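Hi everyone, thanks for making time. I've got one structure to walk you through today, so let me put it up on the screen.

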Amino acid sequence: AAVSPGDGVLVTGKVSDYYTLSSGETLATTASLSVTELDPTLVTTVSTGNALPAPVMLTPTAVPDQYAPAVASGNVESIATADPTNSALEFWEAHEGMRVEVDNARVTGPGSTQYGEIYVTTKPAQQATPRGGTYIAGYDSVPSGRVLVAPANGTVPAALVGDVLSGPTVGPVDWSTFGGYDIVATTLGGYQDNGLAPTSASPQAADQLAIATYNVENLAPGDPASKYAALGAGVVQNLASPDIISV
């Protein structure tokens, strides 16, 4: 049945867990968590124009600091009961499909206009980098505030680390096709550009050896000359022409 936001529906069906499997993956090998779904046999609209439920506010303390529960088997889905106050994964599991809101969310990764998604944090002070990002301190110290925002209309600003989605970003919790929970934003905060500038290394002295690493973003022969020029400028100007560079 065709439904719209605000419709009240009566659904009859079976509750089950659904897995998004990549090519070659099986249930025994997948790293994806399950998403609860209702396989309906009947959907009936009983009312329209209802107010949507108020979103769950994702304040800096709403999502637990621990990212994943400690499980002896290594499989988080083997836990008997999800406790949303114990870990971030259990929190998101308990809020699948529910509307959530994060206000003035700081951007922790560049916005992908190609894929229509952007990473933000609900915990601005958690494992923050000097330039406004957030870092992983170890396998047991993943920043639990980091979450993917995928607007329903597929449009995100070309934001950089440290920028802000000012005001409310609101939408239901879903599981991303590429893994991890995300917010399918029906309302996206305004873009606040905080002016992140590229860093520049200090040139090496005559008695020093400069070694650098550079992510050239899957550089391929078919890429435009402008990309090669920009990367070359980064090596010469921002990395100050290192003696050895690993790409």
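I'll start with the whole chain and then zoom in on a couple of spots.

First off, keep in mind that this is a predicted model. The protein chain has two helices and eleven strands. If you trace along the sequence, the order goes β-β-β-α-β-β-β-β-β-β-β-α-β. The C-alpha trace spans about 75 × 45 × 40 Å along its principal axes. There are 247 residues in the chain, and 30% of them count as buried.

On the charge side, we've got 7 positive and 23 negative charges, and their mean positions are 4 Å apart.

Okay, zooming in on Q126. You'll find Q126 in the loop between strand 5 (118–121) and strand 6 (146–149). So is Q126 buried or exposed? Its relative accessible area is 12%, and buried means under 20%, so Q126 counts as buried. What does Q126 touch, leaving aside neighbours within four places in sequence? That would be D65, T134, P143, S144 and G145. With S144 there's a polar detail too: a polar atom of the Q126 side chain lies 3.1 Å from the backbone nitrogen of S144.

Last stop, helix 2, which covers residues 225–238. Helix 2 has 14 residues and reaches 19 Å from first C-alpha to last, close to the 20 Å expected. Just after helix 2, have a look at A240, which takes a positive phi of about 60°.

That's my tour, thanks!

Technical notes:
Residues are numbered from 1 along each chain as its sequence is written. This is a predicted model: local features need pLDDT of at least 70, side-chain atom pairs count only at pLDDT 80 or more; totals for chains, interfaces and linings use all residues. Side-chain values use heavy atoms; hydrogens and water are left out. Helices (H or I, at least four residues) and strands (E, at least two) are DSSP runs, numbered from the N terminus. Buried means under 20% relative accessible area, exposed over 50%, partly exposed in between (1.4 Å probe, protein chains only). A polar contact is a pair of N or O atoms within 3.5 Å; within protein, one must be able to donate a hydrogen and the other to accept it, and residues adjacent in sequence count only if both atoms are side-chain atoms. Contact means heavy atoms within 4.5 Å. The expected span of a helix is 1.5 Å times one less than its number of residues. Lys and Arg count as positive and Asp and Glu as negative; His and the chain ends are not counted. The place of a charge is taken as NZ of Lys, CZ of Arg, CG of Asp or CD of Glu.
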